[in-house]
Each structure stands twice: as structure tokens, then as C-alpha cells.
Amino acid sequence: MNKSLYSLKKVQFKKDDFKLNVNKFEIHRGAIYMISGKLSSGKSVFLKLLNNSVTYTGYIKYEDQDLGDVANLEKDVLYLSSKLPTSFRTVRNYIDWYIKKYDTIKKNNKEVKALVRRLGATRLLDKRIIFLTPSQKRIVSLVAAIAADPKVLIIDDLDSFLTTEELKALKSVLNRKANYDGVTIIAGCRYIYNFSKFASVNITLDSGRIVKVRS
């Protein structure tokens with residue numbers, strides 16, 4: 001049996017009146033994990049734990065090493081928040097700049113162009129990010145993150161700002177990244193019904209606890 005990519009044990013996060021507890025959980029390579037739950041259930045905190053961007057107690061291991069001791073974790077793990085980009089760069093330059101920060105897999109220009117086309121961003125390439133609509137900015141940030149080819153892609157609010165058709169295209173792209181390229185995808189969503197039969201594992205959070213895991 002393959003070793004888990006992430007292993008969480010007795011993990012706790014606390015801030016003000018909110019507490020998240022994960023007694024034991026494992027994440028495996030090349031699978032899609034979808035995290036759902038009502039407002040303030042802990043979805044975003046759970047994702048940030050895996051990116052080592054919040055303080056916690058307990059144990060999180062990444063590739064059998066303590067998460068806090070992993071050198072250059074940011075080269076392997078890409079965390080895309082729900083915050084929209086505000087750059088004055090053109091979309092073309094922004095995507096190029098963004099993907100150069102990650103070097104786990106050699107970039108293929110044809111693949112990047114195909115990704116831009118599939119997610120409907122071709123007509124945006126020469127426009128400046130700052131002047132785009134929220135929906136357009138979200139598409140651009142998703143294109144950049146997926147094109148960067150990290151080993152682990154973590155996306156908060158995966159369905160925010162996107163139309164039904166855009167979501168359909170995005171799910172197709174992410175399925176291919178996981179199934180053919182071996183990228184591990186971990187995402188939170190606002191509306192779980194947008195992702196029927198999409199994820200390898202569906203996780204439901206409630207009040208900072210995992211209450212359901214379905215594969």
C-alpha cells in the first residue's frame with residue numbers, strides 16, 4: 001500500500017471562539033478531495049493547515065516528513081485562496097510570472113495555451129488584470145494556478161464567481177490533472193451540488209469537525 005501524501009493526527013486550530021479538530025486523516029496522491037460545509041464550518045482553515053499557513057497543535061506530515069520541516073514546501077504545494085488578483089500586469093504576463101514560481105514539472109507552452117483556451121481566457125490575454133470583472137479575475141487565477149503544475153493544488157471556494165459552463169470546463173481540466181498528471185487536488189466549495197460525482201473523496205465539515213467522509 002502506498003504511503004499517504006498527508007497524514008494528520010490530533011490536529012487542533014483555535015482562534016477566538018472557533019476551534020477545528022482533526023483526530024486522524026490521510027490524503028493520498030493523485031486524488032481529488034472536495035471539502036464542503038456550511039458557513040464557518042472550517043473549510044478554509046482545513047485547507048490552510050495543509051499549506052502550513054496557520055498555527056496549529058498536533059502532527060501533520062507531508063511525504064512522511066513533519067510539515068513545518070519541509071524545505072521549499074511552496075514549490076510542491078500551491079494554495080489558491082478566494083482572494084482575487086489585483087495586478088496591473090496583462091493576463092498573459094501575469095500567467096507567465098505566476099507559473100515561473102513553481103518548477104516541479106517542466107512547463108509546456110502548448111499545454112498552457114490549450115488550458116487558456118479551454119477555460120475561456122484567450123480573449124483576455126492582452127487585458128490588464130486590474131480592469132477585469134470578478135469572474136474574469138477568478139478564471140485567470142485558476143488558469144495560472146493549474147498551469148503552474150504543482151504536485152498539490154489546493155483551491156479555496158472552487159465554485160466562486162463561476163458560471164455553470166465555466167464550472168463544467170474547470171472540472172474536466174482538474175479531472176485530467178489528477179488522473180493523467182498525478183496532481184493531488186484538494187478544494188473547498190460553497191455548493192456541494194455543483195460537484196456531484198466529481199471528487200475521489202468528499203469531506204463534510206461541521207463546527208470544525210469532520211462529520212462525514214464519502215468516496
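Me: How much of the protein chain counts as buried, and what makes a residue buried here?

Reply: In this predicted model, 47% of the 215 residues count as buried. The word is used for a relative accessible area under 20%.

Me: Why is helix 5 called roughly parallel to helix 6?

Reply: The axes of helix 5 (residues 134-147) and helix 6 (residues 164-181) come within 12 Å and cross at roughly 10 degrees. Angles under 35 degrees count as roughly parallel, and that makes helix 5 roughly parallel to helix 6. On the helix 5 side the contact is made by Ser 135, Ile 139, Leu 142 and Ile 146. Helix 6 brings Glu 166, Leu 170, Val 173, Leu 174 and Lys 177. Sorted by class, that's six nonpolar, one polar and two charged residues.

Me: How do you know that Ile 139 is buried?

Reply: Ile 139 has 5% relative accessibility, and buried means under 20%, so Ile 139 counts as buried. Its place is in helix 5. Not counting residues up to four places away in sequence, Ile 139 touches Leu 119, Ala 121, Leu 162 and Glu 166. As for Leu 84, it sits 55 residues from Ile 139 in sequence, with 9.7 Å between their C-alpha atoms.

Me: Which residues of the largest nonpolar core touch the most other members?

Reply: They're Ile 95, Leu 153 and Leu 158, in a core of 44 residues. Helix 5 gives the largest share of this core, eight residues. Leaving aside neighbours within four places in sequence, Leu 158 is in contact with several residues, including Met 34, Leu 142, Leu 170, Ala 187 and Phe 198. A second, separate core has 31 residues, Phe 13, Ile 35, Phe 46 and Leu 49 among them. In soluble globular proteins, nonpolar side chains tend to be buried together.

Me: What makes helix 1 mostly covered?

Reply: Helix 1 (residues 43-50) has eight residues, and six of them are buried. Those are Lys 43, Val 45, Phe 46, Leu 47, Leu 49 and Leu 50. Just after helix 1 comes Asn 52, with a positive phi of about 55 degrees.

Me: Why is Glu 63 called partly exposed?

Reply: Partly exposed lies in between the two cut-offs, under 20% for buried and over 50% for exposed. Glu 63 is at 37% relative accessibility, so it counts as partly exposed. You'll find Glu 63 in the loop between strand 4 (57-62) and strand 5 (65-66). Its phi is positive, about 50 degrees, although Glu 63 is not a glycine.

Me: And Asp 149, is it buried or exposed?

Reply: Asp 149 has a relative accessible area of 6%. With the cut-off for buried set at under 20%, Asp 149 is therefore buried. Asp 149 is in the loop between helix 5 and strand 7, and its phi is near 55 degrees, a positive value in a residue other than glycine.

Note on methods: Residues numbered from 1 in each chain as written. Predicted model: local features only at pLDDT ≥ 70, side-chain atom pairs only at ≥ 80, totals over all residues. Heavy atoms only, no water. Buried < 20%, exposed > 50% of the residue type's maximum accessible area, 1.4 Å probe, protein only. Helix = DSSP H or I, 4+ residues; strand = E, 2+ residues; numbered from the N terminus. Axes fitted to C-alpha atoms, helices over the stretch in contact; angles between N-to-C directions. Parallel < 35°, antiparallel > 145°, perpendicular 65-115°, else oblique. Contact = heavy atoms within 4.5 Å. Nonpolar A, V, L, I, M, F, W, Y, C, P; charged D, E, K, R; others polar. Core = buried A, V, L, I, M, F, W, Y, C linked by side-chain atoms within 4.5 Å.
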